[in-house]
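Student: I would like to learn how to read helix packing and sheets in a model. Can we go through one together?
Tutor: Gladly; here it is.
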Amino acid sequence: MADEAFDVVVVGSCFVDLICYVPHFPKFKETVKGTKFQLDFGGKAANQCVMAQKLGAKTTMIAKIGNDQFGKDTIQNFTKFGVNTDFISATNKAETGLTSIAVNNAGEPAFISMAGANRHLTVEDIMAAETVIRSCPVMVCDKGIPLKIAAAALEYGKRLGSVTLFNPSPKLESVPNDVYVNTDVLVLNKEEGESLTSISASDSEGVKKIIFELHKRGTSHIVLTLGSKGAISSVVTLDHKIPLMTHTRTSKVEAVDTTGAGDALTGALAFYLSRFPQLSFSEIVSRAVHIATITVSVHGVQSSYPIRDQIDDWLFDTSSRTFEELGLKLLSNEVMEDKVGDNYEQSPVF
C-alpha cells in the first residue's frame, strides 16, 4: 500500500481523547458533575489527517504510538476511515498520547495533555516514508511532536516537492527561522500570532501587522483564524511582495463543542490544496472555514467531522466563485514596507 500515490501526508501527533461535558470548568478544589462523556481519537495531526480523508483525499499518517491498547485502538480508528497506517510505529518507551478534555456549556474546551509516544517520533521515521512523501502534493505537520522533528519534516517535505502546511499549536513564543522558510502555508490562531510576533491582535491593524511580520520571516501563505469571526487569508507574490489579504466570515451556527475545529480547517485546507489546486488561495480558505464551522455544532472531535455526502455540493465544485458569492472582504493589498527575508521561497504549486 505504501507504494501507492497519496494526496496528503500528515506528520505529527496521535492522542486518545477523554471528553467530559460540564456546566462550567471547576474552580480550585471544586467537583463539577459532568453531563456527558465521550471517548474520541485526536491529536492535532491525526485530526487533520482524518478531516482530509473524510473529504475525499487519499491520506497517510506518519506518527508514533505506544505499544498498548490505546495504540491498537488508534490504528483501528485510522483504518476505519481509510487512512494508510504503514508509517505509524509503536514504541515501548512511552504510552500512547492521552488528552483529558473538559467542555463547558459555551462549547469551549480545556485540556490536560500527556504527549507520551509522540515525543519519540524520529527523523528516521519520517525518512522511511520517502517514496510516499515524494508522491504527495501536500505535507501537513503539527507541533504535537518535538519542534526539531517538525522542523526537519517540513524541510524534508519541501525538498521532496510537497506543499508544506504547519500549525504551531499549542502557542509558541518562537520557532526557528527555517520553519518559516520551509512552510508554504502557516495556519495559526490570533493568540498564536500574538505569541510569535509580540504584536497585539486587538484590532484589524494589529492583525495586519502580525500577518506582515510572519510574511517577512519567509512564509508565503498565511491563514490566521479568528474563532467565530472567521479567518484571514494572506498571500505574498514573489515579484511584488504584495500581501493579498482577505477576510472570510463564518456562517452562524449553534456551537456546542469547538474542540478540533481548527484541525478541521487545516485538514480541509490540505484536501483543497491537493485536490483543487486550480482554486485561488482565498477561495480554498473560504471553503475550509465553511467546513470547519459545521463541526462546532456536533459533540466530539473526529466524530464531528462531516463526510463528503453530508456537505453542500458547491464545496466540491471545480469552478471558482466570485468574492461576492463567497462573502469575502479584501483587507489589504498594500506593498509591505520592509522586504521579505532573503531566504523567502514560494512553492511552484502556487
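Student: At what angle do helix H7 and helix H8 pack?
Tutor: Start with the terms. Helices (H or I, at least four residues) and strands (E, at least two) are DSSP runs, numbered from the N terminus. Axes are lines fitted to C-alpha atoms, for helices over the stretch in contact, and angles run from 0 to 180 degrees between N-to-C directions. Here, helix H7 (residues 190–197) packs on helix H8 (residues 204–216) at about 60°, with the axes 10 Å apart. H7 is therefore oblique to H8. Angles under 35 degrees count as roughly parallel, over 145 as roughly antiparallel, 65 to 115 as roughly perpendicular, and the rest as oblique.

Tutor: One caution: this is a predicted model, where local features need pLDDT of at least 70, side-chain atom pairs count only at pLDDT 80 or more, and totals for chains, interfaces and linings use all residues. Residues are numbered from 1 along each chain as its sequence is written, and side-chain values use heavy atoms, leaving out hydrogens and water.

Student: Which residues of H7 and H8 meet?
Tutor: Contact means heavy atoms within 4.5 Å. Gly193, Glu194 and Thr197 of H7 meet Ile210, Glu213 and Leu214 of H8. By class, this contact has 2 nonpolar, 2 polar and 2 charged residues. Ala, Val, Leu, Ile, Met, Phe, Trp, Tyr, Cys and Pro count as nonpolar, Asp, Glu, Lys and Arg as charged, and the others, Gly among them, as polar.

Student: How do the axes of H9 and H10 cross?
Tutor: The axes of helix H9 (residues 261–275) and helix H10 (residues 281–295) cross at roughly 140° and come within 8 Å. H9 and H10 are therefore oblique to each other. Their contact has 13 nonpolar, 1 polar and 1 charged residues.

Student: In what order do the 4 strands of the open sheet run?
Tutor: Strands of a sheet pair through backbone hydrogen bonds, either parallel or antiparallel. Two strands pair if DSSP finds at least two bridges between them. The order here is E3-E2-E6-E7, with mixed pairing. Strand E3 (36–42) and strand E7 (109–114) stand at the edges, each with a single partner strand, so one side of each has no neighbour in the sheet. The twist averages 20° from one strand to the next.

Student: How many bridges link E6 and E7?
Tutor: Strand E6 (residues 97–103) pairs with E7 over 6 bridges, in the antiparallel sense. Val103 has Pro109 in E7 as its bridge partner.

Student: Which helix lies across E2, E3 and E6?
Tutor: Helix H2 (residues 69–81) does, running at about 75° to E3.
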